[in-house]
Structures are given as structure tokens and as C-alpha cells.
There are 2 protein chains.
Amino acid sequence: MAKQERAIRTRRAILEAAGAVFDEHGYTSTTIAMVLERAEVTKGALYFHFPSKVSLAQAVLDEQVPFGAVPPQPCKLQEIVDMTFVVGQRLLGNALLRGSVRLAVDQETPAGVDHGEPFLQWARRLTTLLEVARDRGELLPTVKPPETVELLVGAFTGVQLMSRALTGRADLGDRLAVLWAHILPSIAVPGLLPALDARADRGLRVLASSREWAQEHGEEHAEERAAS
Amino acid sequence: MAKQERAIRTRRAILEAAGAVFDEHGYTSTTIAMVLERAEVTKGALYFHFPSKVSLAQAVLDEQVPFGAVPPQPCKLQEIVDMTFVVGQRLLGNALLRGSVRLAVDQETPAGVDHGEPFLQWARRLTTLLEVARDRGELLPTVKPPETVELLVGAFTGVQLMSRALTGRADLGDRLAVLWAHILPSIAVPGLLPALDARADRGLRVLASSREWAQEHGEEHAEERAAS
């Protein structure tokens with residue numbers, strides 16, 4: 001294995017271990033020693049990539065938005081819907097994503113860690129998509145993309161949090177379907193509504209087609225990383 | 001002051017101190033000593049009312065839903081809208097409420113504390129109101145009250161959380177107005193929409209009328225407690 005490739009793998013192993021430990025213990029109770037034990041790397045390797053617990057937390061937070069990767073859709077509103085269901089589905093299986101969400105949501109995350117950043121990254125990414133949707137005539141004329149997007153990010157955050165608190169996120173797909181059933185009629189042109197798929201199992205179906213799409217486009221690695 | 005009244009005041013002082021400390025430090029970092037110092041009560045008094053940190057946290061969580069008290073409205077959907085704006089407004093000024101919300105939301109709150117309970121209490125209270133709204137013909141026939149209510153509670157939670165992370169909750173009224181603008185058209189009969197008031201400053205106006213209403217009904221004490 002080339003030296004650079006090994007460094008990338010080591011960095012990834014540390015990030016995944018840190019995400020899992022942050023998910024289980026939160027920022028305050030997490031120690032570098034716990035991450036070292038989980039990642040099975042040397043102290044030197046960890047400090048080479050991440051000089052402090054703050055930098056480790058920041059890197060885990062920065063990993064959040066890439067988990068929203070979905071295959072492009074002709075209807076951009078469908079693509080936005082898909083992102084929410086895919087993130088919901090990935091939360092069930094991916095500890096790095098869960099750790100990242102916990103750091104963003106927990107009030108204990110200290111001020112030195114910019115935990116508002118994932119909210120802003122999601123908002124920027126979704127606003128771009130929603131503006132394309134508007135330009136293609138998918139939206140009602142009353143929609144202001146930045147407002148709608150901030151609501152979607154906030155509502156998603158709370159819905160996944162309530163689903164975690166009450167059912168360990170087992171019912172997250174159902175709750176996202178209810179969210180979209182209430183919001184789509186206020187943003188999509190009526191003619192589009194019957195064609196939009198926001199059913200509870202949408203995440204599973206998109207992930208299956210996502211793997212096919214990634215293979216066709218030679219992006220197995222990125223997909224593998226995000227879906228693992 | 002009668003003995004019983006003094007006990008009620010002491011219990012309240014401890015709860016308010018505990019709420020403030022939980023808000024600032026979270027469950028794990030909060031100690032009984034910190035609450036004692038803030039409440040200015042004796043250790044004996046605290047343990048008389050709350051035998052453990054868990055029981056203190058549980059009592060702070062139980063205080064959350066009473067903060068949603070609003071004057072009754074002829075339109076029950078307006079009353080539900082009012083509850084969200086009033087809680088949003090009270091979050092700005094009331095540390096006990098903020099501590100209660102933090103305990104419910106933070107993943108660090110341990111399994112021994114039932115932090116899903118406030119979500120369920122809100123859901124029960126709002127479902128009852130929404131069913132009255134339905135019986136009075138305020139809702140579209142497609143609305144299933146328990147589903148809509150769970151969405152409202154989840155979305156409110158996330159919207160206030162994002163507002164806290166980004167602006168210290170300064171823009172919460174605006175964000176609640178955006179939330180309702182997206183959800184009301186999916187649940188209210190169209191004829192009702194123009195009369196519903198879900199503007200950003202609704203919380204302030206309801207609290208002002210709430211004080212008048214409480215005085216007329218001789219409930220100054222309850223109102224004073226909740227609004228302080």
C-alpha cells in the first residue's frame with residue numbers, strides 16, 4: 001500500500017472511531033485515549049492528523065454533509081427529499097454520522113468547536129438545489145428558498161432527535177414521511193405532488209439505486225465510505 | 001409565612017436554580033453543590049425535596065409543559081399556534097425552561113432520567129387540542145391529529161435548537177413564523193387561514209394578553225411563576 005493511501009486510511013479509521021466514541025459519550029466525556037483504543041492506531045499517528053480533541057470534533061462535524069450524497073434526479077425537489085431519507089437511513093448504520101449529529105445538537109459541545117457549521121453547510125447545499133428547483137418551475141411562487149431550507153434543516157434535526165429519544169430512530173422513516181406530507185403541499189406546484197416519492201422506505205430504495213449509480217460512474221470508493 | 005407555603009417556595013427556588021445550572025452545564029457536569037450555591041438553601045432542604053440528581057432532573061423535565069399555558073381561544077388551532085410562540089418567548093427569559101429543554105434534547109442525559117417524557121406530554125396535550133379543532137371543523141379531512149402533533153413537537157424542538165446554535169434564540173420568533181407558514185396550509189381549512197395569527201411577535205402579544213387574562217381570572221400566581 002502506498003504511503004499516502006495508508007495515511008488516508010489511518011485518518012479515516014481515527015475519524016470513524018472518534019465518531020463512534022462521541023456518539024456514545026458526547027464531547028465532554030470523550031478522551032483521546034478512548035479514541036486511540038477504538039481506532040487501534042498509535043498516539044503519534046492520531047496527533048499527526050488531529051492535534052487536539054477540538055480538531056477531532058471539528059473534523060467529525062465536517063464529515064456530516066457528505067453523507068447526504070444521492071444520485072441526481074430530474075426533479076430537484078425529489079433530490080432534496082431523497083437527501084433527508086438517505087441521511088435518516090444512514091444514521092441507523094453509521095456511527096461516524098451519529099457522532100457528528102450528536103456534536104452538532106448537544107449543547108455540551110464547547111464554544112471552541114463550531115457546531116453551527118453543519119447547519120450552515122446543509123443550508124447552503126440545499127438552498128442551491130432549491131433554487132434550481134425554482135428555476136425549473138417546480139416550486140410555488142410564494143417559496144423563498146433560504147427560509148424553506150432553514151425550516152427543513154431545523155425540522156429534520158428535531159424529528160430525528162425525537163425519533164432517537166423515543167424509538168432509537170427505528171421510526172425515523174415514518175416520521176420523515178409525515179414531515180414531507182405536511183411541507184410538500186406548501187412548496188411544490190400541485191401538478192408535481194403525485195409524482196414525488198416521500199414514502200417511509202424511500203431511503204432504502206435510494207441507497208440501493210445509489211450503489212448501482214456509483215458503480216456505473218466508477219465512484220465505488222466514495223459511496224462505500226458514505227454508506228458503510 | 002405558613003410552613004407549607006415556605007416549603008413550596010423552597011422547592012421552587014431549588015427547581016429554578018437546578019434549571020439554570022442544567023442549562024449552563026448539562027446533566028453530567030452539574031453537581032448538587034452547584035445547585036445548592038445557586039439556590040441558597042441548605043443541603044438538608046434540597047435532599048428533603050429531591051433525594052438525588054436524577055430526581056432533580058426529572059422534576060425539571062416535568063416543569064416543561066406548564067410553560068405552554070396560554071389563554072383559551074375560540075379557534076383551537078390558534079391556541080396551538082400560541083403555545084409554540086409563548087414557549088419560544090419564554091425560552092428567552094426563563095432558565096428553568098431552558099434547562100428543561102436542554103435535559104430533554106441532550107443525548108448526555110442518562111438513561112435513568114426519562115427524557116422522552118416531555119415529548120410525550122406535549123404530544124398528549126396538543127393531540128387533545130387538535131382533536132377539538134377537528135371536531136369544530138377547523139382541520140382538513142386528511143389530518144391525523146397524532147401524526148401532525150408528533151411532527152409539530154419534533155419540528156419545534158429542532159427549530160429552537162438551530163436558533164439557539166446560530167443566534168442564541170434571538171430569531172426564534174421568525175423561525176416559528178416560517179414553520180407555521182409551511183404547515184398551516186396542510187392542516188387548516190382554507191377559510192381559516194387569513195384569520196390565523198402566526199406572525200413572529202405573536203408570543204409577546206399573547207403573553208401581554210395572558211397577564212390580563214390571568215388577573216381577571218385570579219391566576220396571578222400561576223402566571224407569575226410560568227412567565228418569570
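## Annotated span of chain A

In this predicted model, residues 8-68 of chain A are 77% helix and 0% strand, and the end C-alpha atoms of the span lie 21 Å apart. Helices (H or I, at least four residues) and strands (E, at least two) are DSSP runs, numbered from the N terminus. An unreviewed UniProt entry annotates residues 8-68 of chain A as "domain: HTH tetR-type"; such annotations may be inferred rather than shown by experiment.

## Largest pocket

The largest pocket holds about 370 Å³ of space. A pocket is an open set of points on a 1 Å grid over the protein atoms alone where a 1.4 Å probe fits, with protein on both sides within 12 Å along at least five of seven lines; lining residues have an atom within 4 Å of a point. The volume is the space filled by probe spheres set on the points.

The lining comprises 19 residues, and A:Glu147, B:Ala177, B:Val178, B:Ala181 and B:His182 lie nearest the pocket centre. Helices H8 (145-167) and H9 (172-187) of chain A and helix H9 (172-187) of chain B each supply at least two lining residues. H9(B) gives the largest share, seven residues. By class, the lining has 12 nonpolar, four polar and three charged residues.

## Cysteines

The whole structure contains zero disulfides over all chains, a disulfide being a pair of cysteine sulfur atoms within 2.5 Å. A:Cys75 counts as buried because its relative accessibility is 17%, and B:Cys75 is likewise buried at 17%. Buried means under 20% relative accessible area (1.4 Å probe, protein chains only).

## Basis of the values

Residues are numbered from 1 along each chain as its sequence is written, and chains are lettered from A. Local features need pLDDT of at least 70, side-chain atom pairs count only at pLDDT 80 or more, and totals for chains, interfaces and linings use all residues, while side-chain values use heavy atoms, without hydrogens and water.

Key:
Nonpolar A, V, L, I, M, F, W, Y, C, P; charged D, E, K, R; others polar. Buried < 20%, exposed > 50% of the residue type's maximum accessible area, 1.4 Å probe, protein only.
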